[in-house]
Amino acid sequence: MTDPRPAPSPYASRVPVHEQRLDGFGTVRILPLDPAADAAVVHGWVSEERAAFWGMNGLTRDQVAEVYAHMDTLDTHHAFLVVKDGEPAALLQTYDPAADRVSECYPAEPGDVGVHLLLAPTGTGGARPGWTAALSGALMTYVLLGLDRTRILVDPDVGNDKAIARFLRLGFTAGPAVVLPEIDLPDVYLPEKKAQLAFLRREVAFAG
């Protein structure tokens, strides 16, 4: 006889750094990224044309795993898989701007935290109105309150109009457009990047 119960989520046993119920959408859990176990999911996302600005198009699954395995050795940069009701929903990265090339391009403040966010592809049912804002609210709760930071910095590519517009809708204030310098080290290579900086202060994110 076939067991009618759904198979348990492969993420159910993993301990989240943050868990939050979003009215009308379900429960979001932020899990520390497992470079090996999560490589297939992340590779699928970053290989899509829509993720070209993420800078990982063309990498193999093993190369993606290596990138995040290296990040896992750092105290200043962290990656997380965000799941909603057991299904992957986003890739979140946080970092200390003082330990990143962006520090050469703006006056950092104590309490700053850098964020990179890649949303999962839209499912067959299409995007649900309000989902991105609700998810972003949960992520900001973790980053600003859970990590006790006072300002989020994002640095989307200047040509990524969709991401820039999304951040501005969420309450971010546009900063300067800058050129992030090339990084060429044995463990990491990052090409020069023209970025649009934007900032969100904790008191703005949680006003009222």
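Leaving aside neighbours within four places in sequence, Leu92 is in contact (heavy atoms within 4.5 Å) with Ile30, His78, Ala79, Phe80, Val82, Val115, His116, Leu139 and Tyr142. This is a predicted model, in which local features need pLDDT of at least 70 and side-chain atom pairs count only at pLDDT 80 or more, while totals for chains, interfaces and linings use all residues. Residues are numbered from 1 along each chain as its sequence is written, and side-chain values use heavy atoms, with hydrogens and water left out.

**Nonpolar cores**

- Leu92 is one of the residues with the most contacts inside the largest nonpolar core, together with Val82, Leu135, Ile152 and Phe172, and this core has 28 residues; a nonpolar core is a set of buried Ala, Val, Leu, Ile, Met, Phe, Trp, Tyr and Cys residues joined through side-chain atoms within 4.5 Å.
- Two or more residues of this core come from each of several elements, including strand 3 (77-84), strand 4 (87-95), strand 5 (112-119), helix 3 and strand 10 (193-201); helices (H or I, at least four residues) and strands (E, at least two) are DSSP runs, numbered from the N terminus.
- Helix 3 gives the most to this core, with eight residues.
- Apart from this core lies another, of 18 residues, among them Trp45, Met71, Ala79 and Leu118.

**Helix 3 and its end**

- Helix 3 (residues 131-146) has 16 residues and reaches 21 Å from its first C-alpha to its last, close to the 22 Å expected, where the expected span is 1.5 Å times one less than the number of residues.
- Among the buried residues of helix 3 are Trp131, Leu135, Leu139 and Tyr142; buried means under 20% relative accessible area, exposed over 50% and partly exposed in between, with a 1.4 Å probe and protein chains only.
- Asp148, in the loop between helix 3 and strand 6, has a positive phi of about 55° although it is not a glycine, and it is exposed, with a relative accessible area of 54%.

**Aromatic rings**

- The structure holds four aromatic pairs, defined by ring centres of Phe, Tyr and Trp (its six-membered ring) within 6.5 Å, with planes under 30 degrees apart counted as stacked, over 60 as edge-to-face and the rest as tilted.
- The rings of Phe25 and Trp131 have their centres 5.6 Å apart and their planes at 50°, so this pair is tilted.
- Because Phe25 lies in the loop between strand 1 (18-22) and strand 2 (26-32) and Trp131 in helix 3, the pair ties together parts that are 106 residues apart in sequence.
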